[in-house]
Amino acid sequence: MKHIEYREIDENVYQDTLENGLEVFLIQKSGYNKKFVTYTAKYGSMDNRFEVNDETYSVPDGIAHFLEHKMFEKEDGDVFDSFAKGGANANAFTSYDRTSYLFSTTDDFYKNLSLLMEMVEQPYFTEDTVEREIGIINEEIRMYQDNPGYRLYFDTISQMYDELPVKIDIAGTESSISEITKDHLYLCHDVFYHPSNMVLIMVGDFDIDETFGFIREHQDSRGPIEPLDVRRILPEETREVVKRKNDLYMDVKETKVMLGFKNEKIDSASERLTRDIAMMFGLDMMFGEQSDHYYRLLEEGIIDDSFNFAHNEEKDFAHVLMTTQTDDPERFISSILEIIDEIKAQDFFTDEKLVNQKREVLGDYLSSLNSPEYIANQYTKYHLDGYDLYKLPDLIEEITVDDIKKYIFDSLDADYLVECVLRPETQKEAVHG
Amino acid sequence: MYNVETKSINNVPVVFIHTEKFKTINLKVQFRSELRRERVSVRYLLSRMMVKKTGSFSTESEFLNYLAHHYGAHLTSNATKKGRDHMVSFNLEFINSRFVKEDLNFLETMTSVLKEVLATPAEYDEADEQFFEREKRLYKNRLKGLKDNKAQKSFENLLNIMFEDEPYKFLSHGVLEDIDGITLEDIKKEHRQMMASDEAAILISGHLDEVGEESLRGILCRSETVKLPYRGYAFKETEYKAVTERESVEQAKLNIGFRADVKTAEERMALNVINQMFGGSATSYLFKNIREKESLAYQIHSQADIKNGFIFVLAGVSPDQTAKAENAVMHELERIKKGDFTDEFVEETKHLMKVNRKEAVDKPKGLIALVYNQFLNGTTGKDWEEWMDAVDRELILKVADRIHADTVYTLTGK
């Protein structure tokens, strides 16, 4: 077991890789009542095509999320009940690249930890339970269809991506999930829930040796599990966008717009992080609430305080999204493009601005470390991406104005821009008479 | 692992919550007044304006840059309702200076920021009209945007029907139709009222070694302490109402409001436990039976306002199954009323509620909220445990019997 102390931020991490390949991290937070645990498979909604021992498989869209739902159901009932009986709150979520199962509790920690590990490691699927789940997930898909923000987001993503499964809803579609069988589920579990493809992260106040001993004993009892030779197959995706402009109509009162600037992925983990942070700084300087542009757009009524922007940096894709509720989407789009041109033409990014940015982000980061949930989720994300959450302050320190210029100028390129406008249905009727 | 100490400083109660586990200091000024229609929108707008601009800074970006310079100190306002009250709070979260190499004297700087936040509206003049008008416009847009969220909108519709002539129907974020009529003079008047007549309290949590009374002295001064009664609404007998409206939605929204006659602290706690068993958790009857067993809803839960004795069920269901889902909800409540539950389930539910309470104090905001609640009730954590221990099958049956469906509101497809 390795102990790493991060003195400057007063954090302690204990790490071990067990014989079967499972990686375990324990993050000690003295004085906390809560123990928070996540058990994560590197398997997400984008992993719908893969090659195992030279054989290629295609599985229905939405299966990672479906599998996540089904893992809670066992022959003797619902594991949610068992967590509740043990005084724990359990949950799970699926993203593009991972599936996390989690619980938190203040007592009976080992009992709940065993429950979590067994639940994730021992699948139980039948045709009946799969059939019933289809109904539940269909309702979930329909619920999101009524959410204007969600529809706008997914339409924008679909305008950007041609082949990459990022454009597919994490839950799949009503038709794709109806194709899921128990055999698909067993296959995906065998392939992606191998200990060497998983990471267990615990945050709280622990007896460190005892906790590691407990996990080791449990994992050893599983016996050797042969790793499979797995290769994920992702389609090639160029930077070209699919559809530049799109209008979407819903039963809403307010018009919303989303812009997406598509970028190319970066293979190097450290460069990916540098771009991620540089983009966050750059976008904030340009459009954040402390910028003059923000107030000008606000004063002119082009945006309101629903205005939001983010850079998304993932292993397999990268893009910038901007959105606002507005009466004049065309003016919003032209104003954003003007600001980008202006910034490219002048010396906008300065060391003075950067110092404040760095201080603010560092403060936010330290505040976030109050939260065991934030730590477990972000530690997992950074770790799977080849980086260490607790080294983030060093990386923040290293970012320069030149980094920001380089990445911002490259990312905010109007040649790779898509525009999606969500309008009230009444406008559609007006147009079509 | 925290200690609470209350002092009166300048006739304002100040609650110190000492704990070492957080990396931040959290400072909150809480105002409390009676919930009234003419108050909610004005106060919401006032509180938003207050955290955006203060006297020392000519622009909002200047103010935000100042906070960013202090390691991203976060200043926020919050408006909520509780019991019969409307609450406005101002919160500052900043990192403990031991994580910073330079000497920034955070606490002193932050208390003067807060002092100025509270004082600035008294000086609003014509020069602030433009700022005021813009904030009004943003506020209106925010509420209009909320109405495009069908789940939110249908819950508001339920409240409007259920509490037709009761102030409880006003959400803490105010009433869209009232915004246009607000003047800057209304804002100033409401501010004067809040500063002079509201019950106020200051709460501070974190590693507070260096925090003396002196540093907090300037935030708020009063010539005498204001103490207001803290209570819920009296139980009201009502007629059952059912309303269905149609819009183009993929999924119907089913909302049901219940009233319960609860008087003692133990009864309120029993209502809390009933809510958890009914629809407040992933093992509740609604979740297990309506969502999991019958696949009637993806989303279904109940929430309780125990101070006032209200329970609300919110569900997203298939448009062709609204009646079936409604009957199923009523059936699950009947089961609890008839005692169709095990003692084991009651104990598990109570245990989980205790765990949740312990977990809540692992967050600065959760800790402050819990301590403030004890401050309002004049209680301790021990009282809470005792009330919880008093909840058994007998008390649950007694309280469940007093729960009545008041309003069913369904928003479904065309």
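Predicted model: local features only at pLDDT ≥ 70, side-chain atom pairs only at ≥ 80, totals over all residues.
**Entry 1: chain A overall**

I began with the make-up of chain A. I counted 16 helices and 17 strands in chain A. Next I looked up its extent. Along its principal axes, the C-alpha trace of chain A spans about 65 × 55 × 45 Å. Then I asked how the radius of gyration of chain A stands against that of a compact globule. Chain A has 433 residues, so a compact globule would have a radius of gyration near 22 Å. Chain A has 23 Å, which agrees.

**Entry 2: an open sheet in chain A**

I picked out a sheet of three strands. This sheet is open, and its order is β6-β5-β12 in chain A. The pairing is antiparallel. Which strands lie at the edges? I found β6 (55-58) and β12 (230-232) of chain A there, each pairing on one side only.

Strand β5 of chain A covers residues 49-52 and pairs with β12(A) over three bridges. Here too the sense is antiparallel. Which residue of β12(A) is the bridge partner of F50(A)? The partner is R232(A).

**Entry 3: a hairpin in chain A**

I moved on to strands β15 and β16 of chain A. Strand β15 holds residues 308-313, and strand β16 holds residues 318-325. The two run antiparallel and are joined by six bridges. I checked one position: N308(A) stands opposite T323(A) in β16(A). How many residues does the hairpin use to join β15(A) to β16(A)? I found four.

**Entry 4: where chain A touches chain B**

I looked up the contact between the chains. It brings 55 residues of chain A together with 53 residues of chain B. On the chain A side, the elements that supply at least two residues each are α2 (79-85), β10 (99-105), α4 (127-145), α10 (292-299) and α12 (351-368). Which of them gives the most? I noted α12(A), with nine residues.

**Entry 5: two domains in chain B**

I turned to chain B. Its domain 1 takes in residues 3-217, and its domain 2 takes in 241-412. How far apart are their C-alpha centres? They lie 30 Å apart. The contact uses 24 residues from domain 1 of chain B and 20 residues from domain 2 of chain B.

I listed what domain 1 of chain B brings to this contact. The elements giving two or more residues are β2 (12-18), β3 (24-34), α5 (150-162) and β6 (199-206) of chain B. Helix α5(B) gives the most, with eight residues. By class, this side of domain 1 of chain B divides into twelve nonpolar, eight polar and four charged residues.

**Entry 6: a helix pair in chain B**

My last stop was α9 (265-280) and α10 (285-293) of chain B. Two packed helices are described by the angle and the distance between their axes. These axes come within 5 Å and cross at roughly 10 degrees. Angles under 35 degrees count as roughly parallel. Therefore α9(B) and α10(B) are roughly parallel to each other.

Which residues make the contact? From α9(B) I noted M277(B), F278(B) and G279(B). From α10(B) I noted Y285(B), L286(B) and F287(B). By class, this contact has five nonpolar, one polar and no charged residues.

Methods
Residues numbered from 1 in each chain as written. Chains lettered and ligands numbered in written order. Pairing = 2+ DSSP bridges. Domains from an automatic or database assignment. Contact = placed C-beta atoms within 7 Å. Nonpolar A, V, L, I, M, F, W, Y, C, P; charged D, E, K, R; others polar. Axes fitted to C-alpha atoms, helices over the stretch in contact; angles between N-to-C directions. Parallel < 35°, antiparallel > 145°, perpendicular 65-115°, else oblique. Rg over C-alpha atoms; globule rule 2.2 N^0.38 Å.
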